[in-house]
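This report goes through a few local features of one protein model with a ligand. Please keep the sequence and the structure at hand while reading.

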Amino acid sequence: MNKKYRKAIIAGNWKMNLLPSQVKPYAEELRNLMPKSKTCEVALCVPFTHISTLRRSLKDNRIAIGAQDVSLYEKGAYTGEISAEMLADLNVNYVIVGHSECRQYHGDTDIDVGRKAAALLEKGMSPIICVGESLDQRERGLTVDHIRYQVLAAMSSIPEEKVRQCVIAYEPIWAIGTGKTATPEEAQEVCETIRAVIRSKSGARTARSVSILYGGSMNSSNAFELLSMPDIDGGLIGGASLKPSEFSKIIGAVAEVTGEEQK
Ligand code: PGA
């Protein structure tokens, strides 16, 4: 399927790493290293405490701001939570929902993930909806069924006209932070399934415009191969996004792939 209908996105997921005081030097280094190519949207999903500093440090709009989760609730007595409206007020562009760590540690269910995504869309932000199978599910041959279920469950809360603003990230749980990456073929198979699910639910035009990312130990050595796959439009990068030198090389890999496609 032709990639020209959708955005290439490289999103860094800092998780609970780096201090607020490290944001400015990071942003300066990344701005100096960023490849000139405009083929790729770059986003940094940082802790809530870092968002305002990141916004000030970036100075231009070449890098989008992202957060890592959002409350299910709109406002009120929810101690410790951050609402979609608060993030929109800080001009956040992307918000990760349903990351396997949030599913594991905060008990987020597939239905919660869909409701969070809908709340973000309502406020004009794009959710990065994470799905992925465990090692046990992969070994038992359940990967495709599980992913299909997760995508449909999340999509069930999302209004049809907003589906194309969603980003889906395929993150096999066994590949996250382990140094074990899915092979390009394994990742492609699942990303193709995700697009087929969207196609069957929302039609071919919507399916071809939704960006699907791969995440799980992506780095500058394996990015090119993964990003060359027809249904992988970008990456959600954890560990390798913490160093501007490494992260900028992954951004460069998108430009290389796009350059090849244009030849
Ligand atoms: P990783 O994390 O790149 O460190 O494996 C990816 C993620 O969890 O989003």
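The model is predicted: local features need pLDDT of at least 70, side-chain atom pairs count only at pLDDT 80 or more, and totals for chains, interfaces and linings use all residues. Residues are numbered from 1 along each chain as its sequence is written, and side-chain values use heavy atoms, with hydrogens and water left out.

**Ligand**

The ligand is surrounded by 13 residues, and the closest are Lys15, His99, Glu171, Gly177 and Ser217; a residue is counted here if one of its heavy atoms lies within 4 Å of the ligand. The table lists polar contacts, meaning pairs of N or O atoms within 3.5 Å.

| Side chain | Ligand atom | Distance |
|---|---|---|
| Asparagine 13 | oxygen | 3.2 Å |
| Lysine 15 | oxygen | 2.7 Å |
| Glutamate 171 | oxygen | 2.7 Å |

**Loop residues**

Helices (H or I, at least four residues) and strands (E, at least two) are DSSP runs, numbered from the N terminus. Serine 217, one of the closest residues to the ligand, sits in the loop between β7 (211-215) and α10 (223-227). Serine 217 is not a glycine, yet its phi is positive, at about 55°. Its relative accessibility is 17%, so serine 217 counts as buried; buried means under 20% relative accessible area, exposed over 50%, and partly exposed in between, with a 1.4 Å probe and protein chains only.

Asparagine 91 also has a positive phi, of about 60°, without being a glycine. The loop between α3 (84-89) and β4 (94-97) holds asparagine 91, which is partly exposed at a relative accessible area of 47%.

Aspartate 108 belongs to the loop between α4 (100-106) and α5 (110-122). With a relative accessible area of 11%, aspartate 108 is buried. Leaving aside residues up to four places away in sequence, aspartate 108 touches Asp69, Cys102, Arg103 and Lys116, where contact means heavy atoms within 4.5 Å.

**Helix pair**

Two packed helices are described by the angle between their axes and the distance between the axes. For α1 (residues 23-33) and α2 (residues 51-58), the angle is about 35° and the axes are 9 Å apart. Axes are lines fitted to C-alpha atoms over the stretch in contact, and angles run from 0 to 180 degrees between N-to-C directions. On the α1 side the contact is made by Val23, Lys24, Ala27 and Arg31, and on the α2 side by Thr53, Leu54, Ser57 and Leu58.

Terms used
A polar contact is a pair of N or O atoms within 3.5 Å; within protein, one must be able to donate a hydrogen and the other to accept it, and residues adjacent in sequence count only if both atoms are side-chain atoms.
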